[in-house]
Amino acid sequence: MSAYLAKAGLSVGVFEARGQCGAHCDTVELGVPGYLHNLHATWLATAYSPAMTDLDLPGLGFELRGTDVTYVKCFESGRNLLHAMDFDLTYRNWARVSEADAAMQLTALEFNAVNLDEMLEVNRRFWYGPPTAQTMEQMYKLLDGFLASQGHAGISGVDLLNMTGFEVLDLLFESDEVKTTTASAGWISGLPPIHRKLGPLAAVFMAGIGGPMAVHNARGGSHSLTHALVKATVDHGGEIWTTSPVGDIVVENGRAVGIRLREDALMPGEEIRAGTIVSNLTAAPTFLGMLGEDVIGTEMASRIKSFHYDEQVLFGAYYSLSDDVEFASAAWDPGIQRAMMGYLGGETIDDMRRHNMNLVSGVMDDEIMGNWFMPSRATPPRRHRVGTRRSCGWTFHRIRVDGGADHLRGHRRLARVGSRCARKRAPSGSSSSRQASRTSSSSSSR
Ligand SMILES: Cc1cc2nc3c(=O)[nH]c(=O)nc-3n(C[C@H](O)[C@H](O)[C@H](O)COP(=O)(O)OP(=O)(O)OC[C@H]3O[C@@H](n4cnc5c(N)ncnc54)[C@H](O)[C@@H]3O)c2cc1C
């Protein structure tokens, strides 16, 4: 936003608490020296964003890097289900699992080809515009047409978005492989299938119905996106002030007129005035912390207090590996060896539904399932680090205050699922089987 405002000719100052911007789009050396890890955002959907061209992010050094197989889920049966940039590859992989589900992809693709302009327009408005009734009307109309093309003319777009993602998966697909792969992709994209409205969209779009998923990592890691955005702000005349935590938003006559830095800032207690104040923090720290109940009133304060951040919490384990991971299901379809991300666990849609229901009910499920990344497959390590690989697994948890041990047990269980999916390697001690000495983990909520 700061880059857009500066580009529009406004005088812009960004005040960032840390030494550099982009806390949740970070790439850091963590644990073993020489290994970089993306601590938070790893799966970048920036290719869809108008900012790519509006701010000329590639011209500012931002280079998207992906793999031709974009997403894969492996199963204990030894099979895998994949999404590839080449539709033919996806189709052939799906057809071996379910002819009906592969045929469904094909008719969906035909629908897309005819409605491409409309789809791109709705996509742009829905994800990058304000939420308006007009955008939703367009979305409903598009879904009406899609459902009719799939032989579900009796169900409208409105009906569809009132279903949960799980209900829509059962409506559209036959095989557990396709249903669980789609549910997992939706889940990790912030569209949990247990919910109405967003969950059904995952069921439709994450099945690859919008065509191949244009998701990537970036050369140098996710943080290069932050760098490009900072450069875009500065190139257009904006100023970035780091080590400048904001304590309060200054309000006069009911209007925000400035900010006051905290006492531990580079300029302790400094007051900076501006015509408009924009907070990039979420509702609770902005309204309860920086403004306070005195300013926003009891009613607004009580609404914000009732918002909970902890429906799902990500727990990540970061591994520094000496070599690439080999999946046992590569024998079924070797495409899995070229994927930079995928999912472990959740063999059936009933397992995923139960897990998701437990998650929102605050119950630790016995089965652990989670997402893995191997960004090195998209951005091979530089020459002097030949052979180094980075990978990360995420699981979704409820955090319990006393839950540290549960998380660790959970991750050991995920590692066991992972090892069942991994092919047996050379005897220990050989260079290809050695795992670099440390793993690191961090947890964070979103
Ligand atoms: C573990 C995890 C994994 C994720 N994975 C993905 C993914 O794969 N793909 C994806 O698209 N999204 C992912 N997300 C979401 C994505 O990371 C965030 O939506 C995105 O980074 C938010 O960017 P932002 O600039 O709005 O916020 P942030 O990056 O959080 O920036 C907010 C900034 O405000 C600063 N700040 C805080 N308090 C103050 C204060 N008082 N004064 C001044 N500055 C302050 C912080 O230091 C921070 O730099 C993930 C999130 C998490 C937590």
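**Close-up views of the predicted model**

**Figure 1. Lys197 in the loop between H9 and H10.** Lys197 sits in the loop that runs between H9 and helix H10 (198–209). The model shown here and in the other views is predicted. The phi angle of Lys197 is positive, near 65 degrees, in a residue other than glycine. Lys197 has 14 other C-beta atoms within 10 Å and is therefore partly exposed, since buried residues have 20 or more such atoms and exposed ones 12 or fewer.

Figure 2. Helix H9 covers residues 176–188, which makes 13 residues. From its first C-alpha to its last, H9 reaches 18 Å, close to the 18 Å expected at 1.5 Å a residue. The helix is mostly covered, with 13 of its 13 residues buried. Gly190 follows H9 and has a positive phi, near 85 degrees.

**Figure 3. Thr243 in the loop between E8 and E9.** Thr243 is found between strand E8 (239–241) and strand E9 (246–252), in the loop that joins the two. Its phi is near 50 degrees, a positive value in a residue other than glycine. Inside 10 Å, Thr243 has 15 C-beta neighbours, so Thr243 counts as partly exposed.

**Figure 4. Packing of helices H3 and H4.** Two packed helices are described by the angle between their axes and the distance between the axes. For helix H3 (residues 87–97) and helix H4 (residues 99–114), the axes come within 6 Å and cross at roughly 150 degrees. H3 is therefore roughly antiparallel to H4, as angles over 145 degrees are classed that way. On the H3 side, the contact is made by Phe87, Thr90, Tyr91, Trp94, Ala95 and Val97. These meet Glu99, Asp101, Ala102, Gln105, Leu106 and Leu109 of H4. By class, the contact of H3 with H4 has 8 nonpolar, 2 polar and 2 charged residues.

**Figure 5. The shell around the ligand.** The ligand is surrounded by 22 residues. The closest are Ala17, Ala23, His24, Ala41 and Trp43. By class, the shell consists of 12 nonpolar, 7 polar and 3 charged residues.

**Figure 6. The whole protein, for reference.** The protein has 446 residues, of which 36% count as buried. Its secondary structure includes 16 helices and 16 strands. Among contacts in the protein with a separation of 6 or more, 65% are accounted for by residues 24 or more positions apart.

How values were computed
Residues numbered from 1 in each chain as written. Predicted model: local features only at pLDDT ≥ 70, side-chain atom pairs only at ≥ 80, totals over all residues. Near = placed C-beta within 6 Å. Nonpolar A, V, L, I, M, F, W, Y, C, P; charged D, E, K, R; others polar. Axes fitted to C-alpha atoms, helices over the stretch in contact; angles between N-to-C directions. Helix = DSSP H or I, 4+ residues; strand = E, 2+ residues; numbered from the N terminus. Parallel < 35°, antiparallel > 145°, perpendicular 65-115°, else oblique. Contact = placed C-beta atoms within 7 Å. Expected span 1.5 Å × (residues − 1).
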